[in-house]
Amino acid sequence: QVQLVESGGGLVQPGGSLRLSCAASGIIFNVYTMGWYRQAPGKERELVAGILSGGFTNYADSVKGRFDISRDNAKNTMYLQMNSLKPEDTAVYYCNARRQRLGVQYDYWGQGTQVTVSS
């Protein structure tokens, strides 16, 4: 079955960095659009960054210039390098994989990893 496993979350001070990883199995990774989402307490889940199978990326305005999304198709893994972290980046971060084929939408989620930015 499909599994998306996030890792790399934790507690970091403001201004610090973290690198999240999402290891995928059970899908043909290189044809999927991948993304990082986050959900803070009391807020809706929001897109942080996305990367298409061809490598095109997009970012939420709040993280542009600080976060960098990438993927290694040979390793079936996606990354999120987070720099200059702020307390407002505190959230559970989720990995997402999606594609549409023959009119069917395939949409998978990881279990999430907690990122806490605090002094």
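Modeller: Start with β4 and β9: they run antiparallel and are joined by 7 bridges. One of the pairs is T33 with its bridge partner R98 in β9. Strands here are DSSP runs of E, at least two residues long, numbered from the N terminus. Two strands pair if DSSP finds at least two bridges between them.

Colleague: What should I know about the source and the numbering?

Modeller: It is a predicted model, where local features need pLDDT of at least 70 and side-chain atom pairs count only at pLDDT 80 or more, while totals for chains, interfaces and linings use all residues. Residues are numbered from 1 along each chain as its sequence is written, and side-chain values use heavy atoms, with hydrogens and water left out.

Colleague: Back to β4. Is the strand largely enclosed or open?

Modeller: Largely enclosed by the rest of the structure, because 5 of the 7 residues of β4 (residues 33-39) are buried. Buried means under 20% relative accessible area, exposed over 50%, and partly exposed in between, with a 1.4 Å probe and protein chains only.

Colleague: And how many bridges join β4 to β5?

Modeller: 5, and the two run antiparallel; β5 covers residues 46-51. They form a hairpin with 6 residues between them. G42 in the turn has a positive phi of about 80°. R38 has E46 as its bridge partner in β5.

Colleague: Which residues make up the network of salt bridges?

Modeller: R38, E46, R66 and D89. R38 and D89 meet at 2.9 Å, N to O. That pair links distant parts of the chain: R38 sits in β4, D89 in the loop between β8 and β9, 51 residues apart.

Colleague: How many salt bridges in the whole structure?

Modeller: A search finds 5. Another of them joins D61 and K64, at 3.1 Å, N to O. D61 is exposed, with a relative accessible area of 66%.

Colleague: What about E6? Where is the nearest side chain of opposite charge?

Modeller: That is R45, 7.6 Å away. E6 is buried yet has no salt bridge. For the charges, Lys and Arg count as positive and Asp and Glu as negative; His and the chain ends are not counted.

Colleague: Which backbone nitrogens does the E6 side chain reach?

Modeller: A polar atom of the E6 side chain lies 2.7 Å from the backbone nitrogen of C95. The E6 side chain also reaches the backbone nitrogen of G112 at 2.9 Å. A polar contact is a pair of N or O atoms within 3.5 Å; within protein, one must be able to donate a hydrogen and the other to accept it, and residues adjacent in sequence count only if both atoms are side-chain atoms.

Colleague: And what does E6 touch?

Modeller: Its contacts include C22, W36, Y94, C95 and Q111, not counting residues up to four places away in sequence. Contact means heavy atoms within 4.5 Å. E6 itself is in β1. β1 (residues 3-7) pairs with β3 (residues 18-25) in the antiparallel sense over 5 bridges.

Colleague: C22 and C95 both came up. What do they form?

Modeller: A disulfide, with the sulfur atoms 1.9 Å apart. The cut-off for the sulfur pair is 2.5 Å. C22 lies in β3 and C95 in β9 (residues 91-101), so the pair ties together parts 73 residues apart in sequence. The link is left-handed, with -65° about the S-S bond. C22 and C95 are buried.

Colleague: Last topic, backbone angles. Which loop holds S84?

Modeller: The loop between β8 and β9. S84 has a positive phi of about 50° although it is not a glycine. L102, in the loop between β9 and β10, also has a positive phi, near 50°. L102 is exposed at 75% relative accessible area, and S84 counts as partly exposed at 40%.

Conventions: Helices (H or I, at least four residues) and strands (E, at least two) are DSSP runs, numbered from the N terminus. A salt bridge is a side-chain nitrogen of Lys or Arg within 4 Å of a carboxyl oxygen of Asp or Glu.
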